[in-house]
Amino acid sequence: GKSLSLICGALSWLRDFEEKKQQEEARLLALEDCGQEGKKRLTPAEPGPPDSKDTAGEPEWVTAFVQKKEERDMVDRLKEEQIRRKKREDRLEKIRHNVQLKYAAKRKRYEEDETKHLLQLSKEVLSEGSGVDVLKQLDHNEEELILAEYESDEEKKVVSGLEEDDDDLEEEHVTKIYYCSRTHSQLSQFVREVQKSPFGKDTRLVSLGSRQNLCVNEEVRRLGALQLINDRCMEMQKNKHEKKSDEESEGKKRRVSRTVCPFYSYEQMQFLRDEVLVEVKDIEQLVALGRETKACPYYGSRYAIPPAQLVVLPYQMLLHEPTRSAAGIKLKDQVVIIDEAHNLIDTITCIHSVEVSGSQLCCAHSQLLQYMERYGKRLKAKNLMYIKQILYLLERFVAMLGGNVNQNPSCQAVSQTGTVLKSINDFLFQSQIDNINLFKVQRYCEKSLISRKLFGFVERYGGPAISVKTNKENQKSAGLQNFLLTLQQGSDKEGDPPVEAENDQLRTASPLMQIEGFLSALTNANQDGRVVLSRQGTVGQSSLKFLLLNPAVHFAKVLEECRAVIIAGGTMQPVADFREQLLSCAGVDPARVVEFSCGHVIPPENILPIILCIGPSNQQLEFTYHMRDLPQMMDETGRILCNLCNIIPGGVVCFFPSYEYEKQVYAHWEKTGLLTRLATKKKIFQEPKKANHVEQVLVEYAKCIKRCSQAGGQMTGALLLSVVGGKMSEGINFSDDLGRCVVMVGMPYPNIKSPELQEKMTWLDKTMPRAAGQAPSRVLIENLCMKAVNQSIGRAIRHQKDFASILLLDHRYARPAIFNKLPQWIRERTQVKPAFGSAFAELRKVRACILRTA
């Protein structure tokens, strides 16, 4: 219902807004057509005597002239906009009704393919007799690995093929709504809701995604890692742009032919754009259309942004400014809806925080050094200067971790282990890199595509027969080749999974790509972030991390530019941190913030939330970090679940604060025999740690509940032991019999000893005002805990006729500060039970009602 409410509300407003705008345009144009009299009415003030002056000191005839010119310009703009709109509507209408056009476009495409194939064959025939050309090509087979000349440090307009085309083709952006959510599956679900809604036929909708989701070029898709796909794609566009200049200079010097993407065809992408605008399509349909029409869905969908009315996109694309501008998203005077926004602050923090390991730093240094030594003589001075600067930066970063880049990081032990946090300025000074302009280095990395060149170099020479170093004088660095190989091939030793996992990551992407993100993060303002130095065991296992403390700096631009920003979610309480950390910090006027919350569609009797303070054997329930490990607390939790499983039909979902605690409790129950008692009534399932096993566990859980409800007998359903913040606590629907009771064991407070969380708390205490006598750091801890609780317990009630019980096991939930942070629709119906007997009686009453209804 939430998605449909957002769709209908937003698109109704957009339709009304467009109608009013067109009526206003028609009125102004009608006045213009009325001739002199109309023009006179357009002018707000009659000009006075020729020599009279207005308040600004200008003669009034000058003011009148300027006003008339502005009016004429506005009328001209309106006329142009009308013509453009008419053209667009006519074109889409023609495509909607004329099947002939589609066949003509397909026929043209096949003819072009056939022509290209014949040209290729003729080139091959011609080149058979000329062995010289073949030799020349072999001489230049490394051409694509060489960095192009870097002309200037000053920011210039990028002249890649896409940007150049955009200048000629850019349509004016109509007023639109940007809708973003967390995952592609949530976006697809939203698009399907639009298709079913009354607006499904008339809305021009475009779905955006990353190249990883939208690329249809199998050769590029095979690269796997997002950064590699991005870089390869960008390089192909650059090749297309450079192709013309290469052909012109072909007489002077024959160059190697560079790969150009066959799907990057302007005509086909225009055809794809129109097809997208004619009918609402989700990402899967867009990719299928791209394959069919041999057009790139990634760029084709971007062409559709200006005329689209509704743009559907993932969080990262909207919240990360470089990604936003690269995609051609313009937020000026537009409407933005951010759905599933309960973790918006965390999302912005994660997008702009980046971590690099000692292994990655040493590996990147080794690769770059070998690259420079092989191609040094062919590189221009500017390129060499920047490569040397990057090498120096990497050297200093490793030194900050207590290591040396010329030795294997996994063999270098760190003398002082632990985690240290530093301000950005302190980190730059202590690592002795404050004299390097990181803005210029960052820009060089972006423009030169050095990480892509380096990846190509390692791909070519990273095999077992590597023989890059030929300089006998430099014996000291010969071991770097072997070190590079060990990083790429992985460890053969058993029992060392963390290193193997890291090696997998290194194999899929060049480490320099990750380091570029870290360099970019260091350009943030000193007060907005911290650098975390984590020294553990060896240099390879140690890491540098940039931690963003102030998410508002990156959200401020969105808030400034947009007409309206709607932050929506099913469970948004508590909302105070949105107001303070995101909106107030970004300088938003409190009068601009409107809060709207509505109740639930279910009747009051369909939900029974209980805060349980004491267990069946009169043990007070307090799952603090020190108390929860006591055997009596684990036994009491087991007794409560045994009692619940005896009377509650269907599925029971029990949430624990962490995987470790869930594992500990499970082992204790197994030892005491309590697990066997539980298993007589409910089949027990555990949440898997691996994401790819989740679907299988859920399917088995659902099958078991269905089987038990049909068969009857002693077994009444299933018990799912889950984890707060895990795979089951968000986005999963435990509707109907899948979740007749949700149990929350204790309060899932975050680890307060984490240096990163402590830094965030210190920062909040320094920058935020105290709220109701509470320190901002304390409010943060409570809010993080209650957001997690609210997400988890909201899994049970999923539609109007659903019903469930919610049990919160901890007497601290009854404290007013905590109790008031429960969602209003749950809070209003919550009963605080000091003893287990009265709570159990309430649950039995509910069961009796269910049986009567059934």
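In the predicted model, the lining of the largest cavity is made up, by class, of eleven nonpolar residues, two polar residues and one charged residue. A search of the whole structure finds six cavities of 30 Å³ or more.

The second largest cavity has a volume of about 90 Å³. Its lining consists of Ala576, Asp577, Glu580, Gln581, Leu764, Met768, Pro769, Ala771, Pro776, Val779, Leu780 and Asn783, and the elements that give two or more residues to this lining are α26 (576-584) and α32 (776-793). When the residues lining the second largest cavity are divided by class, eight are nonpolar, two are polar and two are charged.

Backbone geometry was also examined. Most residues other than glycine have a negative phi. Against this background, Asp333, although it is not a glycine, has a positive phi of about 60°; Asp333 belongs to the loop between α15 (321-326) and β4 (335-338). Because its relative accessible area is 41%, Asp333 is classed as partly exposed, a category that lies between the limit of under 20% for buried residues and that of over 50% for exposed ones. A positive phi is likewise found at Glu340, a residue other than glycine, where the value is near 50°, and Glu340 is placed in the loop between β4 and α16 (344-351).

A further site concerns Ala804, which is found in strand β15 (residues 804-809). With a relative accessible area of 6%, Ala804 falls under the 20% limit and is therefore buried. When residues up to four places away in sequence are not counted, Ala804 touches Asn606, Ile607, Leu608, Gly739, Arg740, Ala796 and Ile797.

Technical notes: Residues numbered from 1 in each chain as written. Predicted model: local features only at pLDDT ≥ 70, side-chain atom pairs only at ≥ 80, totals over all residues. Heavy atoms only, no water. 1 Å grid on protein atoms, 1.4 Å probe; cavity = no way out; pocket = protein on both sides within 12 Å on 5 of 7 lines; lining within 4 Å. Points joined across faces, edges and corners; volume = space filled by probe spheres on them. Nonpolar A, V, L, I, M, F, W, Y, C, P; charged D, E, K, R; others polar. Helix = DSSP H or I, 4+ residues; strand = E, 2+ residues; numbered from the N terminus. Buried < 20%, exposed > 50% of the residue type's maximum accessible area, 1.4 Å probe, protein only. Contact = heavy atoms within 4.5 Å.
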